[in-house]
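I opened the model to look up its charged side chains. My notes are below.

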Amino acid sequence: MKIGFVVSFFDFRNDVRRVMAEVTTQHEIVIFGHAEHEAKIRSHAPQGAEFRVIDEAKKSRWNNTWERIYLLFKRIPRSENNFYLMELFKVSNQPDARVRAKGRRLLRLIKLLPKVISYDFFLNRLRFKSQTQINDIDQFICFTAIADDYFLARLLRQKTKVKVYVYSWDHPCKHICFSKRVQYLCWSEGIKADIVELQKIPPHRIDVVGASQFGYVYDFLQLDPAQLTRSYPFEYIYFGCAIGITDLVLDEINVIRSFAKVLSEVQPTWKLVVRAYPVLSKWEYYEELRELPNLVLDDGFRTKDLSVKDDNILEKFEKIHFAKGFFHLGTTMGLEACFTDTPSFIVDYGSRSYTGLSLHSFIHQHQNDLHLRDLAPQNVVADEYWLSHVLRQIDDPDFVALNGAVQERYPLKSFKEFANDLINR
């Protein structure tokens, strides 16, 4: 077969590239992307893959009108906090202050307007060019968020076979690009329930295939533990930064400072190893942390773009494996840590406000509350007092109960098995 992969964030998604490499062993693949991303896609594409530019967006008064209507009146997922937090994230990372102010005004207006236009209704109104060659493709696999609305509109209008892989556990909670005319593939039964509840997709249109990101977890667990090499010759806590929103990074850094202070008091011989957030545009925010005597900044994995070498990803799991505990403010690493014997904790304090673009809103996103906090309330660190208790009793078996609960809910697969299911399910 010839498989068409419609991609975005291609340099950042190492796992997607690994899956494509597996698919190429049995099928031809064509990668579809935007012209401005062509160089990055070609530089990371698996050997033998063809690249085609998506050329479907047609400039017209009709399309412009419907884009504006949809912008203002689109339906959003029931987990409104996630959606608005994502929009605020986009706005806050704009470099121009006037653009940021305009974006915030627009978002305030959107909150007040009725949410009446579905994604399918919008797609049906778009007029596309029909310029992208697709007649030789047997099936298309898209990833959330959808890379190009006009391209998807064409694929659906021409009744091609389209699957959409829900790439992350938080995508059903924050994205709007869920059509009821495609087949969805997702991580777990819990994420399937989120897609049904939050996006109103019929259950028969959703299959569970596992998480492509967890292919690296699978690889790590195949290694002989006796052959693993420690990166750090001391006892340490591993803290995974979770925030790429410029307006909230300093709040996360303040939490890390608080954590380092408590750690120095409770476990003075331990270090706090802090893993920088890979997609934060300005890593210089973390430089001030180097001043803390009991803190080590883990930032050696960054490359010239958003990609991370596979060896660095496996090294990440090695660092989690040898840590006394893994702590975070809401990141997929909090789930990944649960596949090791290291207890995983979510930190829930340090917010200056409890509404809008706040640390509290970030921590209490739908997926964090439902798939982590509710499973193990004892692993929620709500203040420095409980943090002190946790650090003193870090080996309490009660703290690894979350690990078993997560392992039961998420099937682990090799990249080869996942790729096979992605194509044939």
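I worked on a predicted model, where local features need pLDDT of at least 70, side-chain atom pairs count only at pLDDT 80 or more, and totals for chains, interfaces and linings use all residues. Residues are numbered from 1 along each chain as its sequence is written, and side-chain values use heavy atoms, without hydrogens and water.

**Salt bridges.** I took a salt bridge as a side-chain nitrogen of Lys or Arg within 4 Å of a carboxyl oxygen of Asp or Glu. The count came to 29.

I looked up R257 and found it bridged to E291, with the closest N and O atoms 3.8 Å apart. R257 lies in helix α11 (residues 246-266) and E291 in the loop between β9 (271-275) and β10 (295-298), so the pair ties together parts 34 residues apart in sequence. Helices (H or I, at least four residues) and strands (E, at least two) are DSSP runs. E291 is exposed at 59% relative accessible area (buried is under 20%, exposed over 50%, partly exposed in between, with a 1.4 Å probe and protein chains only).

Next I checked K261, which pairs with E384 at 3.3 Å between the closest N and O atoms. K261 is in helix α11 and E384 in helix α16 (residues 384-392), so this bridge ties together parts 123 residues apart in sequence. K261 is partly exposed at 38%.

I also noted a salt-bridge network of K2, E28, E50, R52 and D136.

**Positive patch.** R68, K102, R105 and R108 form it. Patch residues have over 30% relative accessible area and no salt bridge, with like charges joined within 9 Å and nonpolar side chains within 5 Å. Helix α5 (residues 97-112) gives the largest share, three residues.

Key. Accessible areas come from the Shrake-Rupley method with a 1.4 Å probe; for residues, only the protein chains shown count as cover. Lys and Arg count as positive and Asp and Glu as negative; His and the chain ends are not counted. The place of a charge is taken as NZ of Lys, CZ of Arg, CG of Asp or CD of Glu.
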